[in-house]
Amino acid sequence: MLRFFAAVGAAFLTFLATTGRLALFAGMSLATAFTPPFYPGVILRQMVSIGYFSLPVVGLTAVFTGMVLALQSYTGFSRFSAEGAVATVVVLSVTRELGPVISGLMVAGRVGAAIAAEIGTMRVTDQIDALTTLSTDPLRYLVLPRLLAGVITLPMLVLIADIIGVFGGYLVGVYKLGFNPQAYLNGTWQHLETMDLVSGLVKAAVFGFIVALMGCYQGYHSRGGAQGVGRATTHAVVSASILILLVDYLITAAFFSR
Amino acid sequence: MSTTHSVPKISVRGLCKSFGRKQVLDGLDIDCGRGESLVVIGGSGTGKSVLVKCILGLLHPEAGSIRIDGAETVGLPRAARERLLQKFGMLFQGSALFDSLNVWENVAFGLVRGRGMERPAAREIALARLASVGLGPEVSLLRTAELSGGMQKRVALARAIAAAPEIVFFDEPTTGLDPIMADVINDLIVKCVREVGTTAVSITHDMVSARKIADRIAMLYEGRIVWHGPTADIDHSGNPYVDQFIHGRADGPIKMQVRAA
């Protein structure tokens, strides 16, 4: 019995220590944003890498999500003659929930893994130490640009994903389910409120931060050669995905629980 | 230890560093004079790299003092540490070139990012440094992955000396190179150190390299310096650790460590 409590206690202490290290890592990285030198070119490159190159995968998942959502809502709602709500359900689900969460998870898989692998490789090949010896703060040069790029580009990506997702729903609604195009669009706009979009974009910014932070943190602390980098990559994707789902609930509760 | 000036360029006293239960550095004392080329020898896993990383501030020692030009550097605040790092250059064992940049950008990195120099001016210096290690301008636009091991070492050497640092550290500069390329690198190190008059601290277990580049040699074993003296004295040091090491004998007082520090 004592052994059980010892194991639980040890796990809890490890959790607290890791949370503390992560918070310190994030805080120290963000603090470098307020003093020169600044690296706008590096930030821009990261924005292209994280945002622009994620467009195809995010766009594809968004269009299919919207299409499936329209189809599922229709088959479900038709059981109690509420087919007219399909457009509204699609737009609210996509903007509030599915757009940011699915985009966040896709970016976690694509970008979080890439960040962890790149920084992890730099760690195990002494490139991060080399940066330090060349009077360049690795947190300022490697971590901050990725954090900022994540926070800035994820909302842009999600806005595009929202539009594509709603368009996917429109395609299925009009061409497969036989909705009147004007009526479908009216149903889309009628109940959409600013807060629906804003909450989704706030989620996106937070998810962007989480994905970049977990990628950077895991990569930065990776050890033990190729195996260590592989482990860091896995941890980055898994921890970012879990945190996205957890934080999604907290933000949703903050915005919509009245 | 003897120095060329009254205040050594680098002075380490009582340095202790451990990883978990493993005590890697155990009260290490060492000095390096201004303009001197000091080589620290020792087996794999004895803490040679740890010593250099402690001096650079990449690792934080648990106890001891590290003075550069007489000023204490242990526990320096971040900003002061960044200023101090401008005195240093470092050639890493695996070269540690940035594979996202081409050759000249690697060499000029510290000048552009660390010192805010304009790219054209930094490029000129980078090309001059590349020329000094025997690489022409045609190499400058190549990616580092396109270079052989020897060329990577040369580029790393050019990067280490690009900003004309006061102290250059060489971590196993000849490891993994064929004997001819190793000699080329040794010559380049000697040339660079002598030309610029910089202070050099090298760590190696390659005795050919040590004999060629060192003014003075120190032997590290079990976290302490067990012998030090002029390079010419290494063959009659009278120290059983040194004798075993330089002759590469399996039998002797040195017990091989299985795990790296």
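Trainee: What makes strand β3 (residues 37-41) of chain B largely enclosed by the rest of the structure?

Mentor: Five of the five residues of β3(B) are buried, so the strand is largely enclosed by the rest of the structure. A residue is called buried if 20 or more other C-beta atoms lie within 10 Å of its own, exposed if 12 or fewer do, and partly exposed in between, with C-beta atoms placed from the backbone. B:S37, B:V39 and B:I41 point one way from β3(B), while B:L38 and B:V40 point the other way, and all are buried. Please keep in mind that this is a predicted model, in which local features need pLDDT of at least 70 and side-chain atom pairs count only at pLDDT 80 or more, whereas totals for chains, interfaces and linings use all residues. Residues are numbered from 1 along each chain as its sequence is written, and chains are lettered from A and ligands numbered from 1 in the order in which they are written.

Trainee: How do you know that β3(B) and strand β8 (residues 199-204) of chain B pair?

Mentor: Two strands pair if DSSP finds at least two bridges between them, and β3(B) and β8(B) have five bridges, in the parallel sense. Four bridges join β3(B) to strand β9 (residues 216-221) of chain B, also running parallel. B:V40 has B:I203 as its bridge partner in β8(B) and stands opposite B:A218 in β9(B). The strands themselves are DSSP runs of E with at least two residues, and helices are runs of H or I with at least four, numbered from the N terminus.

Trainee: Why are β2 (22-32) and β5 (71-72) of chain B called edge strands?

Mentor: Four strands of chain B form an open sheet in the order β2-β1-β4-β5, with antiparallel pairing. The edge strands are β2(B) and β5(B), each of which pairs on one side only. Within this sheet, strand β1 (residues 10-19) and strand β4 (residues 63-68) of chain B pair in the antiparallel sense over five bridges, and B:C16 stands opposite B:A63 in β4(B).

Trainee: What makes helix α2 (residues 40-50) of chain A oblique to helix α6 (residues 138-176) of chain A?

Mentor: The two helices pack at an angle of about 50 degrees, with their axes 8 Å apart. That makes α2(A) oblique to α6(A), because angles under 35 degrees count as roughly parallel, over 145 as roughly antiparallel, 65 to 115 as roughly perpendicular and the rest as oblique. The axes are lines fitted to C-alpha atoms over the stretch in contact, and angles run from 0 to 180 degrees between N-to-C directions.

Trainee: How do you know whether A:A183 is buried or partly exposed?

Mentor: A:A183, which is found in helix α7 (residues 181-190) of chain A, has 13 other C-beta atoms within 10 Å, so A:A183 is partly exposed. The C-alpha atoms of A:A183 and A:P40, 143 residues apart along the chain, are separated by 46 Å.

Trainee: How many residues of chain A are in contact with chain B?

Mentor: Counting residues as in contact if their C-beta atoms, placed from the backbone, lie within 7 Å, 13 residues of chain A are in contact with 17 residues of chain B. Helix α5 (residues 127-133) of chain A gives the most to the side of chain A that touches chain B, with five residues.

How values were computed
Contact = placed C-beta atoms within 7 Å.
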